[in-house]
Amino acid sequence: MKRTLTIVLALVLALGMCIPVFAETEKTNEEWTGTLRITGPGQMGNNPDDSEDLATGIVKPGYNKLIEEFNKDYPNVTIEMSGIPWDNWQAVVQTAAAGGTADILLHGSMLADCCLDLTPYLERDPEVLEALAVKPEVFRPDPDNYNVTAPTGISYLVSPYYAFLDTKLFEDWGVELPTSEWTYDDLLEIARKMTGTNPVTGEENYGCWFYGNNDGNIWKLYSSVGAAWGLKSMIFDSANKYEATMDFNSELPVKVFDYLNELQKCCPPSYIENMGDDKSCTAENNIAIYLSEGPVGKYNNTVAYDTVDRYVYLPLPVNEVEVEAKYSSFTGTNSIAISKNATDPDLAWEFIKWLVLDEDANDWILALGQVPATYYAMEKLDPEKPYTKVYQEIFDSFWNCFTISQCEVFDTAYGNAISALSAGITGMYTGTYTPQECGDYVQAQITEYQNSYK
């Protein structure tokens, strides 16, 4: 018999009184019919057939295997997969949603105006919420009422931001390894200590390298450091999207900019070009601490270079203000959403629910070298793998919703915010701006965006 994740019956019964009755639409698996058109970037749509990772020798299953598993349960549903590259993906997904040529959007939840509000489905099927270690992605779907949020997508896999530490370099420098209770002050102090000439090898070492300098991803560390200190740069307290309160140049955001500026001084000189990490995972590695997404990927590289025992993994530093999450780590995801013009939204939800709850679907994602966003997957991770503990630490105490928890720090879907932040921080790194001037620049750019719509 096909395996499914265990559902807590008592919870379902307890919530049953407040769940809408959909008895007239309930179907057996065999009664579901139709075609589901899935489009978007990310892991699910990458390859139709099995492929071998040349670096690690790991064979990753193609999406045809996933479709095969789905059709064992839903034999009368046809899946049409149209994976696309990350280049220009937003325009492609928006066009598919607007033209009604897609039912399910991969990574589409942040494009809130393209997606259906999943609230009715989540109320009807609370077992989906119960299974998820990472709650639904929440965005602001109505520009005319921007302080209202809605769940627009489910994360089918997670890639948490974490720290990757080289124990050999710590030993060479005589610096004690931090614990998972470390703070951002600890991180900067360690990075400064280990930037310079290695006292054992005589080679130049660097204390840190962090993901996303000038490629539009610097907001990830900005939001994590800011979240740890209680920063709220973007307050959506008005129904009018363009009257949101922006704060990028007062004391606390400038403190975050100053922190990032000091940390990048501990990076290789080529970091400003988003380079300098070419020796990562090798025996010649020269960087003490990497901050990045995707610990499984880093682990697979250490397998390829036979350096597994050299590295340890930690969550990002602890939050220093009282919030629901212990660590400031957020997570990257590959999300899945229902297009607003889906032919059969209920069938699309049936696929999403299956993807979350079915063990074989979760196992398929694990076989990709990825981690599904479910408690089942967190519990199934191999305890002998060095990255398992960091996953479990991060998700044992995670944001109620990583998107809405941190979009008050930085909302990636707000106008030119990403380009303004990236340009300001890059200018700070190159000496064009001080941290205060960086904050002034970002503030001015976003204010100009707002004023252009008033």
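A salt bridge is taken here as a side-chain nitrogen of Lys or Arg within 4 Å of a carboxyl oxygen of Asp or Glu. The structure is a predicted model, in which local features need pLDDT of at least 70 and side-chain atom pairs count only at pLDDT 80 or more, while totals for chains, interfaces and linings use all residues. Residues are numbered from 1 along each chain as its sequence is written, and side-chain values use heavy atoms, with hydrogens and water left out.

Side chains of opposite charge can pair when their charged atoms come close. Across the whole structure, the search finds 17 salt bridges. One of them joins the side chains of glutamate 408 and lysine 232, with an N to O distance of 3.6 Å. Glutamate 408 sits in the loop between helix H15 (402-407) and helix H16 (417-429), and lysine 232 in the loop between helix H8 (219-228) and strand S10 (234-235), so this pair ties together parts that are 176 residues apart in sequence. Helices (H or I, at least four residues) and strands (E, at least two) are DSSP runs, numbered from the N terminus. Residues are called buried under 20% relative accessible area, exposed over 50%, and partly exposed in between (1.4 Å probe, protein chains only). On this scale glutamate 408 is partly exposed at 29%, and lysine 232 is partly exposed at 49%.

A second salt bridge links glutamate 262 with arginine 192 at 3.0 Å, N to O. Because glutamate 262 belongs to helix H9 (residues 251-264) and arginine 192 to helix H7 (residues 184-193), the pair ties together parts that are 70 residues apart in sequence. Glutamate 262 is buried, at 19% relative accessible area, whereas arginine 192 is partly exposed at 45%. Lysine 385 and aspartate 382 also meet through their side chains in a salt bridge (3.1 Å, N to O). Lysine 385 is partly exposed, with a relative accessible area of 24%, and aspartate 382 is partly exposed at 32%. Elsewhere, salt bridges link Arg124, Asp125, Glu350 and Lys353 in a network.

Attention now turns to the strands. All of strand S7 (residues 150-166) is covered, with 17 of its 17 residues buried. Its partners are found by a simple rule: two strands pair if DSSP finds at least two bridges between them. S7 pairs with strand S6 (residues 137-139) in the antiparallel sense through three bridges, and phenylalanine 139 stands opposite alanine 150 in S7. Six bridges, again antiparallel, connect S7 and S14, where valine 158 faces threonine 333 of S14. Strand S12 (residues 287-293) runs antiparallel to S7 and is joined to S7 by five bridges; here leucine 165 has isoleucine 289 as its bridge partner. Strand S13 (residues 311-315) is likewise antiparallel to S7, with five bridges, and aspartate 166 stands opposite tyrosine 311.

Strand S14 (residues 331-338) also holds alanine 337, which is buried at 0% relative accessible area. Alanine 337 and leucine 105 are 232 residues apart in sequence, yet their C-alpha atoms are 5.1 Å apart in space. Contact here means heavy atoms within 4.5 Å. Not counting residues up to four places away in sequence, alanine 337 touches several residues, among them Leu105, Ser109, Cys115 and Ile352.

Serine 109 lies in the loop between strand S5 (104-106) and helix H4 (119-124) and is buried, at 1% relative accessibility. Its side chain makes a polar contact with the side chain of glutamate 137 at 2.8 Å. A polar contact is a pair of N or O atoms within 3.5 Å; within protein, one must be able to donate a hydrogen and the other to accept it, and residues adjacent in sequence count only if both atoms are side-chain atoms. Leaving aside neighbours within four places in sequence, the contacts of serine 109 include Glu137, Phe139, Thr152 and Ala337.

The last stop is helix H17 (residues 435-451), whose 17 residues reach 24 Å from first C-alpha to last, close to the 24 Å expected at 1.5 Å a residue (the expected span being 1.5 Å times one less than the number of residues). The buried residues of H17 are Pro435, Cys438, Gly439, Val442, Gln443, Ile446, Tyr449 and Gln450. They cover an arc of only 130° around the axis, so they lie on the same side of H17; the arc is that of the directions from the helix axis to the C-beta atoms. Strand S11 (245-246), H9 and H16 are among what covers these buried residues.
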